[in-house]
Amino acid sequence: MELPIQTISYPDADKHKVKISILRLDLIHPLVNGNKWFKLKYNLQAAINNSSDGIIQLDLSQPVNISPSQIKILTFGGAYSNHIYATAAAGNLFNIPTIGMIRGEENSPLNPTLEFAQAQGMELFYLSREAYKQRNSITLHQELKAKFGNIYIIPEGGCNQNGVRGCTEILNLVHDYQAFDVICVACGTGTTLAGIILSLYQNQRVIGFPVLKGGEFLKPEITKLINQYLATNLPLPGDRSVNWDLVCDYHFGGYARINKNLLTFKQEFERLTVIESGIKSGMELDYIYTSKMFYGVVDLIKQGYFPNCRLLLVHTGGLQGNKGMKQKLSKIL
Ligand SMILES: *Cc1c(COP(=O)(O)O)cnc(C)c1O
């Protein structure tokens, strides 16, 4: 599989001699897309094989019906979560039953994300915001195992070593990826960023754009993910050029917070994006992650932050969330 790349022409970039290519992970599959597939891949394999290196290798383009022995996947997420959406769809595709532990109260009718998840066969359960804080605790996991039987637990957002491992494969699937100087990606947990960092070649750099307020807190967490990975024997593409940074100024007030500036930018960018190569469909950004990262990148380009650079911007998908966000926006605006 070679991943789709789109080269765009953007006025500010042309002025500063910056070349922008976009890695369209939003196009890899209609339902299981973006970075979420990469974070799920080895977790699903581990659930089926009892090890991520087992005999069954999962391929999104050739979903096999594997009918695993009674195992269910259980995972955690917010009510609009891209991870919940992708896990439900992947479970349906590969015939693995899924359970979603959702943060907060049950609402009726279900929002578009949860309605989809349920339609894919995911069983939904709700944890109060207080109880949800225990999502990584061993005690809660033991209780869940006692309740649901044979389950494989994937942490929120697919944030574990299997998630990192899948993300180390992203750049390798990009044609001529060593030609890019700087790779930019939006960060929630930083799992995707960690995987990309672990697949770099010399002279390449990755910049992460946290969408949460106070994103500096991710630095030690990402460092930990990287060091844990380096301590394993898992595959390491690239040449261990661990060259990365976080730019924490483009959170727009915090997770899922947006303002008029961001909305205007998103519309402008989608309109101005001139399609130069390959991909025929226009581009949409999501509100939560990619709009903020693209806004940050364009702002930095204007400041001359990337002179004569070839940039690869990772479109991590997340477009399913726009439905729910538009419903919310119509109430505020
Ligand atoms: C989940 C998500 C991210 C964040 O990925 P992390 O690995 O948690 O940093 C970025 N973009 C989109 C569209 C996402 O859905």
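**Reading loops, a buried asparagine and a helix pair**

Biologist: Arginine 240 is placed in the loop that runs between helix 9 (218-230) and strand 9 (244-246). What counts as a helix or a strand here?

Modeller: Both are DSSP runs numbered from the N terminus: helices are H or I with at least four residues, strands are E with at least two. The model is predicted, with local features needing pLDDT of at least 70 and side-chain atom pairs pLDDT 80 or more, while totals for chains, interfaces and linings use all residues. Residues are numbered from 1 along each chain as its sequence is written, and side-chain values use heavy atoms, leaving out hydrogens and water.

Biologist: Is arginine 240 buried or exposed?

Modeller: Buried means under 20% relative accessible area, exposed over 50%, and partly exposed in between (1.4 Å probe, protein chains only). Arginine 240 is at 56%, so it counts as exposed. Its phi is near 65 degrees, a positive value in a residue other than glycine.

Biologist: Where is phenylalanine 252, and what is its phi?

Modeller: Phenylalanine 252 is in the loop between strand 9 and helix 10 (260-272). Its phi is positive, about 55 degrees, although the residue is not a glycine. Phenylalanine 252 counts as buried because its relative accessibility is 17%.

Biologist: Which peptide bond is cis?

Modeller: The bond from serine 108 to proline 109 is cis, with omega near 0 degrees. Proline 109 sits in the loop between strand 4 (98-103) and helix 4.

Biologist: What does asparagine 322 touch?

Modeller: Contact means heavy atoms within 4.5 Å. Leaving aside residues up to four places away in sequence, asparagine 322 touches Lys266, Glu284, Leu285, Asp286 and Tyr287. A polar atom of its side chain lies 3.0 Å from the backbone oxygen of leucine 285. Asparagine 322 belongs to helix 12 (residues 321-332), and at 3% relative accessibility it counts as buried.

Biologist: How are two packed helices described?

Modeller: By the angle between their axes and the distance between the axes. In this model, the axes of helix 3 (residues 82-94) and helix 4 (residues 112-119) come within 8 Å and cross at roughly 15 degrees. That makes helix 3 roughly parallel to helix 4 (angles under 35 degrees count as roughly parallel, over 145 as roughly antiparallel, 65 to 115 as roughly perpendicular and the rest as oblique).

Biologist: Which residues meet?

Modeller: From helix 3, Ile84, Tyr85, Ala88 and Ala89 meet Thr113, Leu114, Phe116 and Ala117 of helix 4.

Conventions. Axes are lines fitted to C-alpha atoms, for helices over the stretch in contact, and angles run from 0 to 180 degrees between N-to-C directions. A polar contact is a pair of N or O atoms within 3.5 Å; within protein, one must be able to donate a hydrogen and the other to accept it, and residues adjacent in sequence count only if both atoms are side-chain atoms.
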